[in-house]
Amino acid sequence: MAAMTATAQQDRARLFRSLHTASAPLALANAWDAASARLAQQAGAPAVATTSAGVAWALGSADGDRIGRQDAVALVARVASVVDVPVTADIESGFGATPAELAETVTGVIGAGAVGINLEDSRHGDGGPRLRNAAEQSERIAAARAAAEATGVPLFINARVDTYIRAAGEPETRMQDVLTRAAAYLAAGADGIFVLGVSDPATIAGLAELITGPLNILARPGLPSVAELGRLGVARVSLGDTVAKAAYTLGYRAAAELAAHGTYTVLADALAHPDPVDLNALLR
């Protein structure tokens, strides 16, 4: 695939931004390598999002800012090189302790071909609180926005709010904390808000009504369908690490069946070669 021009990347960024609408929510089956990204496009995905957990596992690491900026940027470049649709990169908390270091990461992933990022307010491995305060995270988002503007690419910054998954504060105050953070992050330069850990339709609808930017929800079996989430006001739905987990689960079950019984029945529904999708042809 030919290298993407600056104009083409800007066009993809504008297209990606336009896909965030509750009338037809952007549905993303997150990829973790070039092949899974190409399969997502082949299946009809209008954009490709990476999953930090899946990427980390594929590189032999745990999730949580452990793989380093260089490996993260290299993965984005591989994904962007095999698809024709917009790519948004999960950069965890930014692979940098300071706003300036985060800005370097943003510049790198844009250079690799991304037109969007996920940036979470969790922190990892520094001995501090598990959740950055809103002011600190807002400063980091502002640095990400400034770095993006310097490249000329209208990067979509999806600010992830981890209040629910970190069980921060008292249960009755968590929604207000999410709303406070969302307002601060949008004011700092974020374009959308990604809230993990919510599944109650009433809560989702309340968040969608009170957050002024597009709302992204993490989907799991048991949650409403994409169309139903759209009716609640959700503009973007992600599968996160679930697809990667499903793929690795199949690998484990196949290995366990083979080791224990010498059979391979769990592979009956696996992707066949060359039908229905010829991976060699897709990646040739």
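Are F16 and F156 buried or exposed, and which term applies to each? In this predicted model, local features need pLDDT of at least 70 and side-chain atom pairs count only at pLDDT 80 or more, whereas totals for chains, interfaces and linings use all residues. Residues are numbered from 1 along each chain as its sequence is written, and side-chain values use heavy atoms, with hydrogens and water left out.

**View 1. The aromatic pair of F16 and F156.** F16 is buried, and F156 is buried too (under 20% relative accessible area, with exposed being over 50% and partly exposed in between, for a 1.4 Å probe and protein chains only). Their rings form an edge-to-face pair, 5.7 Å centre to centre with 85 degrees between the planes (ring centres of Phe, Tyr or Trp, its six-membered ring, within 6.5 Å; planes under 30 degrees apart are stacked, over 60 edge-to-face and the rest tilted). The pair links F16 in helix α1 (residues 6–18) with F156 in strand β5 (residues 156–161), 140 residues apart (DSSP runs numbered from the N terminus, helices being H or I of at least four residues and strands E of at least two).

**View 2. The aromatic cluster of W32, W57 and Y248.** The ring centres of W57 and Y248 lie 6.4 Å apart with their planes at 75 degrees, so this pair is edge-to-face. W57 belongs to helix α3 (residues 52–58) and Y248 to helix α10 (residues 242–261), so the pair ties together parts 191 residues apart in sequence. W57 is partly exposed, at a relative accessible area of 32%, and Y248 is partly exposed at 37%.

**View 3. The buried residues of helix α1.** These are Q9, R12, A13 and F16.
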